Amino acid sequence: MATGTVKWFNATKGYGFIQPDQGGQDVFVHISAVERAGLSTLRDGAKISYELETDRRGKTSATELKVS
């Protein structure tokens, strides 16, 4: 499980990005992953743990979200 900080999340647009604690590229997070975690939105600056998932087009995004 990876950890990071919510860089920004826009509930209206339905997506945002997480800045990984271990460095590297920001991780895309979609509203569907947020809703699957039982949340309605993510607060900017919140600490979060997540798993990385790659879809069939090769795009990587955060899933299995847990707010610390």
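This is a short tour of a predicted model, one selection at a time. Residues are numbered from 1 along each chain as its sequence is written, and side-chain values use heavy atoms, with hydrogens and water left out. Local features need pLDDT of at least 70 and side-chain atom pairs count only at pLDDT 80 or more, while totals for chains, interfaces and linings use all residues.

**Whole annotated span**

Select residues 1–67. An unreviewed UniProt entry annotates them as "domain: CSD"; positions from that record are given in the numbering used here, feature names are shortened, and annotations may be inferred rather than shown by experiment. Over this span the chain is 9% helix and 52% strand, with its end C-alpha atoms 12 Å apart. Helices (H or I, at least four residues) and strands (E, at least two) are DSSP runs, numbered from the N terminus.

**Ile 18**

Next, select Ile 18, in strand 2 (residues 15–20). Its relative accessible area is 0%, so Ile 18 is buried (under 20%; exposed is over 50%, partly exposed in between, with a 1.4 Å probe and protein chains only). Show its contacts (heavy atoms within 4.5 Å). Leaving out residues up to four places away in sequence, Ile 18 touches Gly 4, Thr 5, Val 6, Lys 7, Asp 26, Val 27, Val 29, Ile 48, Tyr 50, Ala 62 and Leu 65. Ala 62 is 44 residues from Ile 18 in sequence, yet the C-alpha atoms of the two are 8.2 Å apart.

**Ser 49**

Move to strand 4 (residues 47–54) and pick Ser 49. This residue counts as buried because its relative accessibility is 10%. Beyond residues up to four places away in sequence, Ser 49 touches Met 1, Ala 2, Thr 3, Glu 64, Leu 65 and Lys 66.

**The aromatic cluster**

Now select Trp 8, Tyr 15, Phe 17 and Phe 28, which form one aromatic cluster. The structure holds 5 aromatic pairs (ring centres of Phe, Tyr and Trp, its six-membered ring, within 6.5 Å; planes under 30 degrees apart are stacked, over 60 edge-to-face, the rest tilted). In one of them, Trp 8 and Tyr 15 have ring centres 5.5 Å apart and planes at 65 degrees, so the pair is edge-to-face. Tyr 15 also pairs edge-to-face with Phe 17, at 6.4 Å centre to centre and 90 degrees between the planes.

Colour these by relative accessible area: Trp 8 is partly exposed at 32%, Tyr 15 is partly exposed at 27%, and Phe 17 is partly exposed at 24%.
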